[in-house]
Amino acid sequence: MSDSAYTSTGEFSAETEGGERLLFHTTLVNLAISSRPVPVPFWQAIGDQEFDGPLPRRHAYLSVYFPVEVTAGTYPLTRDGDFRGSYAVGTLGDAESYYSTSGQITLTIVPSAEGEQVEGTVFFTALNEKNGQQVFIKNGKFNMTN
């Protein structure tokens with residue numbers, strides 16, 4: 001998911017209309033600097049929700065992406081801009097991805113030289129470009145610390 005090997009603590013939660021489950025909630029989180037899918041470094045805050053059931057286990061992933069030098073504030077989310085969101089669901093290595101087409105992220109605490117921590121809220125509409133289905137992420141909240 002990211003280029004970093006940091007261990008992060010915190011949580012990520014949201015309502016996911018059209019997603020795997022109505023409620024996304026996890027404490028399996030990662031805050032890291034990444035350069036994928038684009039070569040410009042950015043922060044990725046990701047949550048991994050694993051579902052009980054037969055093997056291979058299904059997962060839902062919720063991510064937000066923002067520039068390394070970001071300041072606290074509210075920003076629009078887009079598909080390919082500096083601020084993005086994504087949702088994915090499936091088994092490890094075989095997940096269907098949905099990318100933000102519109103929405104908003106509010107960052108109240110941002111990573112800095114004093115500490116790698118992020119806190120904020122998010123909502124967005126995400127589109128799966130392969131099948132045209134949408135997922136609506138509502139009331140998203142995240143708080144992560146390395």
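Here are some questions and answers about this model.

Mentor: This is a predicted model, where local features need pLDDT of at least 70, side-chain atom pairs count only at pLDDT 80 or more, and totals for chains, interfaces and linings use all residues. Residues are numbered from 1 along each chain as its sequence is written, and side-chain values use heavy atoms, with hydrogens and water left out.

Trainee: What is the mean pLDDT of the protein?
Mentor: pLDDT is the predictor's confidence in each residue, from 0 to 100. Here 93% of the residues reach 70 or more, and the mean is 91.

Trainee: Which residues have pLDDT under 50?
Mentor: Where pLDDT is low, the predicted coordinates should not be read in detail. Keep that in mind for the stretch where pLDDT stays under 50, residues 1-5.

Trainee: Which peptide bond is cis, with omega near -5 degrees?
Mentor: Most peptide bonds are trans. The cis one here runs from Leu55 to Pro56.

Trainee: Is Phe12 buried or exposed?
Mentor: Buried means under 20% relative accessible area, exposed over 50%, and partly exposed in between (1.4 Å probe, protein chains only). Phe12 has a relative accessible area of 0%, so Phe12 is buried.

Trainee: How far is Arg84 from the ring centre of Phe42?
Mentor: A charge sits over a ring if NZ of Lys or CZ of Arg is within 6 Å of the ring centre and within 35 degrees of the ring normal. The charged end of Arg84 also sits over the ring of Tyr65, 5.1 Å from its centre. Over the face of Phe42, Arg84 lies at 5.0 Å from the ring centre.

Notes
Contact means heavy atoms within 4.5 Å.
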